[in-house]
Amino acid sequence: MRIDVHHHWMARDQHENAQEYIRKGETLEKFEGGWHIWKKGVHLTQSNEVFWRIERQIEDMDQNKVDMSVLFLPAWQEWNTMKTCAYQNDYLAGIIQKYPKR
C-alpha cells in the first residue's frame, strides 16, 4: 500500500475567500487560480485550486498509484481559530465519508 503522508488540502470556501481569513498586517496576493499570503515580506502560505478539488486529487493519486493520503492543511497556526477548525473538520468528514478508503 502506498500512502502520501503530506497531501496538501484546503476547504473550498477558505481557498475562494482567503481575504476573510487573513489577519492584521498580512497581505493577500492573488494569481489566476490561487494566492499567496505575506506578512512583512515573509511568505506564510499559498493555495491553488487543486488544493480543494478533491476529485482532481483522487485522479492524481490514481495516476501515481497512491492508495491513501493524509490531508495536510497548508496554513500557519494563527489562521486556525476554533471556528475554522470546526469548519475544516466538518468539511473533511464529508470528504472521508465520500472516499473512506482514500
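Q: What do the buried residues of H3 pack against in this predicted model?
A: They pack against helix H1 (12-16), helix H2 (54-63) and strand S5 (68-72). Contact here means heavy atoms within 4.5 Å.

Q: Which residues of H3 are called buried?
A: Thr84, Gln88 and Ile95. Buried means under 20% relative accessible area, so these residues of H3 fall below that cut-off.

Q: Why are they said to lie on the same side of H3?
A: They cover an arc of only 30° around the axis, which puts them on the same side of H3. On the other side, Met82, Lys83, Asp90 and Gln97 are exposed. Exposed means over 50% relative accessible area.

Q: How does the reach of H3 compare with what is expected?
A: Helix H3 (residues 82-98) has 17 residues.

Q: What makes S2 and S3 paired strands?
A: Pairing needs at least two bridges. S2 and strand S3 (residues 34-39) have six, in the antiparallel sense, so they count as a pair. Gly34 in S3 is the bridge partner of Phe31.

Q: In what order do the strands of the open sheet stand?
A: The order of its three strands is S2-S3-S4, with antiparallel pairing.

Q: Why are S2 and S4 at the edges?
A: Strand S2 (26-31) and strand S4 (42-48) each have a single partner strand, so one side of each has no neighbour in the sheet. From one strand to the next, the twist averages 20°.

Terms used: Residues are numbered from 1 along each chain as its sequence is written. This is a predicted model: local features need pLDDT of at least 70, side-chain atom pairs count only at pLDDT 80 or more; totals for chains, interfaces and linings use all residues. Side-chain values use heavy atoms; hydrogens and water are left out. Helices (H or I, at least four residues) and strands (E, at least two) are DSSP runs, numbered from the N terminus. The expected span of a helix is 1.5 Å times one less than its number of residues. Buried means under 20% relative accessible area, exposed over 50%, partly exposed in between (1.4 Å probe, protein chains only). The arc is that of the directions from the helix axis to the C-beta atoms. Axes are lines fitted to C-alpha atoms, for helices over the stretch in contact, and angles run from 0 to 180 degrees between N-to-C directions.
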